[in-house]
Amino acid sequence: MTRKPFERIHLVVLDSVGIGEAPDAEAFGDIGANTLGHTAEAAGGLALPNLERMGLANIVPVQGVTPADQPTAHFGKMQEASVGKDTMTGHWEIMGLNIDTPFKVYPEGFPQDLIQKLEERTGRKVIGNKPASGTAIIDELGEEHLKTGALIVYTSADPVLQIAAHEEIIPLDELYRICEIARELTLEPEYLVGRVIARPFIGEPGAFKRTSNRHDYALAPFSRTVMNELQDGGFDVIALGKINDIYNGAGVTDATRTTDNMDGVDKLVKTVGQDFSGLSFLNLVDFDAVYGHRRDARGYAEALEAFDRRLPEVTEQLGEEDLLIITADHGNDPTFEGTDHTREYVPLLAYSPRFTSGGDLGLRRTFADIGATIADNFSVAPPEFGTSFMEKLR
């Protein structure tokens with residue numbers, strides 16, 4: 001018998017938790033990448049009993065995690081179809097888009113003409129202008145910034161322009177205005193920067209610390225996503241963490257910021273307990289920003305185990321009208337060379353208390369299958385890309 005649709009779908013993106021090189025990994029310089037596998041090996045095995053019961057190790061082998069004889073969730077893996085491995089590309093594809101023109105990255109820093117325009121528009125000089133770790137560059141240039149008030153501009157392997165400033169030197173309101181100017185400048189096709197990010201910090205030389213007042217200025221998705229269809233259909237779309245920034249607010253009916261992974265889980269637990277109809281959408285950014293880019297395999301492992309310990313707080317609140325989907329947006333192997341994202345498959349777990357058992361969802365050829373499934377459940381217009389797996393969940 002076909003069951004009625006779910007009233008609520010809770011989508012959790014474990015940012016950067018890839019599960020092995022994608023078929024086209026060579027084109028991205030990522031042969032051999034395996035974020036989850038190598039993290040488990042570096043830790044001597046992972047203790048993930050709750051994800052284990054769902055069927056995580058039924059997707060791929062994970063040291064310390066045993067395949068479940070009777071998984072409680074439907075499980076599978078997804079391959080990215082878009083030409084990129086960044087946060088925006090992955091998330092936009094999850095909601096039904098296929099990005100065929102990659103955002104630009106700047107391994108040598110930004111063009112001088114762009115930097116000159118930024119200096120002229122803001123009235124402040126720019127220092128840095130190179131790829132760097134956010135914590136390392138404020139240690140390197142923070143003292144000069146304190147003396148001169150110059151903007152610390154840097155990038156990464158992602159298509160981002162980041163501006164760091166001490167909150168006592170450049171107040172948050174001014175920093176945000178500066179980032180809005182940078183966003184306007186980088187909308188030109190010749191630059192095609194995916195996100196401008198405000199990176200405020202506090203402290204003294206030798207003891208600088210970034211604050212939680214980060215703010216992202218992203219491009220709006222190039223076309224409508226499933227989130228737009230849900231909003232127009234009268235459903236709730238609750239964005240938790242950096243989801244609102246990633247979609248530039250498009251299709252979002254309510255947004256809540258988070259400070260870290262555990263705060264994100266707190267917000268998710270609270271949201272699951274609320275009465276709404278539609279989608280809650282959470283990104284847990286620490287896996288990527290705090291551990292992946294910094295190549296901290298031990299920290300990555302501990303963060304995975306911390307999430308697993310909190311997972312029952314979420315699942316125990318779910319009713320038969322709730323569906324929980326856990327996935328990722330790309331890889332970021334903490335044992336790999338450099339600090340770049342890695343082109344990998346991502347996991348797919350779908351759980352509801354209504355399930356009497358799990359099942360194999362197989363290989364999904366695009367992340368957009370999630371968006372198609374959500375659209376199918378709520379009977380809104382399906383995305384152009386993606387195939388629903390809802391029938392396997394009913």
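A residue is called buried when its relative accessible area is under 20%, exposed when over 50%, and partly exposed in between, with a 1.4 Å probe and protein chains only. By this criterion, 59% of the 394 residues in the chain are buried. The model is predicted, and local features need pLDDT of at least 70, side-chain atom pairs count only at pLDDT 80 or more, and totals for chains, interfaces and linings use all residues. Residues are numbered from 1 along each chain as its sequence is written, and side-chain values use heavy atoms, with hydrogens and water left out.

The chain contains 14 helices and 14 strands, where helices (H or I, at least four residues) and strands (E, at least two) are DSSP runs numbered from the N terminus. Along the principal axes, the C-alpha atoms fill a box of roughly 70 × 50 × 40 Å. The radius of gyration of the chain is 21 Å, which agrees with the value near 21 Å for a compact globule of 394 residues; the radius is taken over C-alpha atoms, and the globule rule is 2.2 Å times the number of residues to the power 0.38.

Contact is defined as heavy atoms within 4.5 Å. Of the contacts between residues at least 6 apart in sequence, 68% join residues at least 24 apart. The accessible surface of the chain comes to about 15300 Å², with 47% belonging to carbon and sulfur atoms; areas come from the Shrake-Rupley method with a 1.4 Å probe.

In the unreviewed UniProt entry, the annotation "binding site" covers D15, D329 and H330. These residues span 316 residues in sequence, yet no two of their C-alpha atoms are more than 7.2 Å apart, so they gather at one spot. Such annotations may be inferred rather than shown by experiment.

One of the annotated residues, D329, lies in the loop between β12 (322-327) and β13 (346-351). D329 counts as buried because its relative accessibility is 0%. Beyond its neighbours within four places in sequence, D329 is in contact with several residues, among them D15, which is also annotated. Other contacts of D329 include V13, L14, S16, E80, H91, N283 and F367.

Residues up to four places away in sequence aside, L268 touches H10, V12, L240, S280, L282 and V314. The C-alpha atom of L268 is separated by 22 Å from that of L393, which is 125 residues apart from L268 along the chain.
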